[in-house]
Amino acid sequence: MPPRILQTSAEPAALLPARFQAWFAARGWSPRPHQLALLEKAREDASALLIAPTGAGKTLAGFLPTLVELSTEVAERKAGAKQSLVSTGRSVQRAGGLHTLYISPLKALAVDIARNLERPIAEMALPIKVETRTGDTPVSRRQRQRRYPPDVLLTTPEQLALLLSSDDAPFLFSSLKRIVLDELHALVTSKRGDLLSLGLARLWRLAPQMRAIGLSATVAEPDQLARFLVPQLGGQERAADIVIAGGAAPPEVEMLDTRERLPWAGHSARHALPEIYELIKANKTTLVFVNTRSQAEMLFQNLWSMNDDGLAIALHHGSLDVAQRRKVEDAMSAGRLRGVVCTSSLDLGVDWGDVDLVVNIGAPKGSSRLMQRIGRANHRLDEASRAVLVPANRFEVLECRVAIDAIAENAQDTPPLRTGGLDVLAQHVLGCACGEPFLSDELYAEIRTAAPYADLSRQDFDDVVDFVASGGYALKTYERFARIKQDKEGRWRVANPKVRQSYRMNVGTIVEDDMLKVRLVRSRGGASGSTGVIARGGRLLGEIEEAFIEGLSPGDTFVFSGEVVRYETLVEDQVYVSRAHDKDPKVPSYMGGKFPLSTYLAERVRRLLDDGRAWGGLPEQVRDWLSLQKDVSQVPAVRELLVESFPRANKHYLVCYPFEGRLAHQTLGMLLTRRLERARARPLGFVANEYAVVIWGLGDLSFMIRDDRIDLNALFDPDMLGDDLEAWLAESALMKRTFRNCAIISGLIARRHTGEEKTRRQVLFSTDLVYDVLRKHQADHVLLRAARADAATGLLDLRRLSDMLMRIHGRITHRELDHVSPLAVPVMLEIGRESVYGEAADELLAEAADELVKEAMG
């Protein structure tokens with residue numbers, strides 16, 4: 001286990017040069033112990049992980065070693081370089097080379113950090129050049145950075161991969177002394193973290209003198225995160241030293257106990273709109289977080305319609321045009337906004353000025369994610385961040401309650417370190433070949449120094465190389481899948497220049513739905529529900545998923561960029577809309593932004609339900625709801641699975657309460673339905689939410705269970721993840737979507753080509769065709785293995801479902817009821833709700849809820 005350094009015993013004078021001490025003193029600051037500890041680690045030539053809350057000065061801590069070193073080194077370096085200028089023909093700046101590389105998960109964060117760094121550099125007159133490199137950086141500047149690198153380069157994982165794939169990467173990185181990885185906890189849980197880890201492995205080979213500094217919020221397993229920062233050698237686990245910042249004031253988090261009637265279901269929190277507005281009104285700047293982009297659009301529209309005080313309220317999410325987002329960010333930094341409705345686009349550590357309250361709409365889904373959001377308020381370590389949680393329904397009250405308790409205990413639920421994806425490895429192998437030819441043995445040894453790939457088998461590695469070289473056994477006859485070839489010395493190199501160009505156009509692991517640009521124009525004529533002649537051009541509002549637009553007809557209205565617009569027409573990749581004033585618009589149903597309920601919070605919710613004494617901390621409306629459930633049926637026990645069955649409106653229903661999140665529940669519902677079909681229970685369908693699954697059909701499920709025609713222990717047996725799962729996956733669209741993402745990431749299917757981009761239909765056709773070929777002729781193909789691994793933790797959440805089935809095996813309690821139970825009402829209201837949008841959805845939901853609540857209360 002790596003040593004933990006809570007603070008350093010060294011005095012600031014021993015670690016900070018005089019000009020740095022003067023700079024701190026001029027601002028009335030003192031360097032914090034964890035900042036000095038990182039300086040001490042740098043002097044010891046050690047890599048380090050800093051665990052610190054928001055407001056602790058993580059960024060300055062990460063860069064202090066670089067600024068201190070360069071403040072003394074750069075002047076000497078450049079002075080010496082002048083003597084060799086004539087003989088080398090190089091510029092003075094070039095002689096020093098790149099000293100520090102900073103990696104950020106967000107382009108905006110890299111730009112913001114660069115701006116913040118320039119201030120101390122300018123005020124101390126340090127001879128240090130800092131530049132950013134993102135997808136928005138002009139090509140001319142990117143080319144110059146490779147020839148004449150700055151002292152400090154701030155970039156993203158994707159840009160690092162591109163730099164490493166160039167033939168001058170050894171020249172560029174040979175002088176690299178340090179890499180700073182910001183928001184590391186957010187990077188390592190995704191395939192972007194896999195790509196970054198492989199980049200680190202290459203950097204350790206190109207610059208063995210390089211040391212790493214990781215900056216992270218509090219995480220559940222810091223030891224695992226520390227492994228990411230140092231090369232893993234010879235099968236032995238190694239980890240960076242860990243520095244833990246102390247002294248943070250505990251956050252003040254409360255749950256809104258609404259004066260209104262708390263809904264039994266739904267996610268809009270419309271009941272609390274007046275109270276949310278009053279919170280914004282009572283504070284200087286409030287961030288209002290929601291979990292999806294569509295929720296953000298709806299909430300912003302509702303708040304704006306009631307904004308009689310003319311408060312400056314803005315909208316921020318990832319699909320808005322970048323210029324619009326920057327306007328909002330600048331206004332926030334300048335303190336001109338009273339409220340911002342936002343998604344996870346503002347979760348990470350950009351300093352947005354004096355935010356004094358965070359409001360989280362809906363359930364937080366995870367305590368660590370909630371802590372990250374709360375940290376947006378009060379970027380000062382010694383002052384408490386303030387947050388209010390606004391549950392949208394009664395189940396979310398339970399989730400909010402246990403999240404608040406977890407935060408009070410400083411309990412974390414960040415996921416463990418990933419096992420590296422084979423599709424990402426395939427992309428990296430191709431990138432290595434683009435840079436310089438490689439030998440398989442050498443590259444295998446290099447890749448295993450990356451923590452996510454430390455246990456990579458030689459067979460898996462060889463299969464990946466074979467896949468990049470030929471497409472695999474089943475695709476060998478197709479020349480276009482042969483992207484690398486072996487020379488006489490056994491080195492692998494790119495097959496042709498087009499392969500190198502395709503790699504550079506498609507690098508990265510983020511696969512999103514095809515997006516269309518949304519432009520606001522003025523409609524010339526045209527009746528309601530139809531379109532007139534459209535003036536081309538128009539102001540760019542942002543981007544929206546193609547699949548959503550395909551479901552619209554001209555004249556339909558929806559909320560986008562904070563206003564109600566009417567869909568006019570689609571021309572190529574441009575969606576033309578005009579302003580509308582409908583009261584009941586459709587709302588964009590974005591793919592991005594939904595989070596699953598964390599395993600940790602799910603466990604705490606089950607414990608809360610099982611402990612009647614703990615109900616005293618819940619709002620009266622929720623206590624009454626649970627007491628009614630206890631009278632009608634029973635409340636789920638922490639280690640058991642409650643299954644209810646009851647008739648309603650000529651159908652029969654079976655409801656179970658696993659509390660394992662929507663993804664796992666959807667998979668469970670599909671597998672249970674298949675089993676019930678074999679039992680001749682005539683199921684008609686199922687729906688799932690974060691907490692429960694309901695299946696309905698024509699067969700009398702209560703009678704069949706009572707008559708032992710359905711054995712619940714057999715129905716929920718873990719063996720459903722065997723043949724039943726394989727049979728379903730063979731026809732599952734979800735599995736095809738998972739495979740499609742792997743095919744794109746691995747480079748088998750290129751989305752972008754010179755002068756064109758494949759349409760969604762072309763990609764669907766290509767990947768679906770390859771999927772069918774591989775399933776038929778090479779079932780163990782590396783991409784199918786990658787897709788199955790993704791399915792285990794992604795869209796199907798098989799690993800979590802498997803753990804649940806093992807937990808409840810032999811512990812199933814059945815309650816046969818004559819009507820719906822109070823706990824079943826929320827999931828019953830999900831039936832038939834998918835196609836209803838906006839205020840109409842709330843009204844229909846309220847009507848259905850009233851009817852079901854009456855039944856539940858007998």
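In H11, Lys191, Asp194, Leu195, Leu198, Gly199 and Arg202 meet Asp423, Val424, Leu425, Gln427, His428 and Cys432 of H18; contact here means heavy atoms within 4.5 Å. This is a predicted model, where local features need pLDDT of at least 70 and side-chain atom pairs pLDDT 80 or more, while totals for chains, interfaces and linings use all residues. Residues are numbered from 1 along each chain as its sequence is written, and side-chain values use heavy atoms, with hydrogens and water left out.

**Exercise 1.** Work out how the residues of the contact of H11 with H18 divide by class, and how the axes cross.

*Solution.* Start with the classes: Ala, Val, Leu, Ile, Met, Phe, Trp, Tyr, Cys and Pro are nonpolar, Asp, Glu, Lys and Arg are charged, and the others, Gly among them, are polar. That gives 5 nonpolar, 3 polar and 4 charged residues in this contact. Next, the axes of H11 and H18 come within 9 Å and cross at roughly 35°; axes are lines fitted to C-alpha atoms over the stretch in contact, with angles from 0 to 180 degrees between N-to-C directions.

**Exercise 2.** Describe the second largest cavity.

*Solution.* First, the term: on a 1 Å grid over the protein atoms alone, a cavity is a set of points where a 1.4 Å probe fits but cannot get out, and lining residues have an atom within 4 Å of a point. The second largest cavity holds about 90 Å³; volume is the space filled by probe spheres set on the points, which are joined across faces, edges and corners. Its lining has 13 residues, with Ala161, Leu164, Gly199, His428 and Tyr503 nearest the centre. By class, that lining splits into 8 nonpolar, 4 polar and 1 charged.

**Exercise 3.** Now classify the ring pair of Tyr444 and Phe461.

*Solution.* Rings of Phe, Tyr and Trp (its six-membered ring) pair if their centres lie within 6.5 Å; planes under 30 degrees apart are stacked, over 60 edge-to-face, the rest tilted. By this rule there are 13 aromatic pairs. Tyr444 and Phe461 have ring centres 5.3 Å apart and planes at 45°, so the pair is tilted.

Note on methods. 1 Å grid on protein atoms, 1.4 Å probe; cavity = no way out; pocket = protein on both sides within 12 Å on 5 of 7 lines; lining within 4 Å. Helix = DSSP H or I, 4+ residues; strand = E, 2+ residues; numbered from the N terminus.
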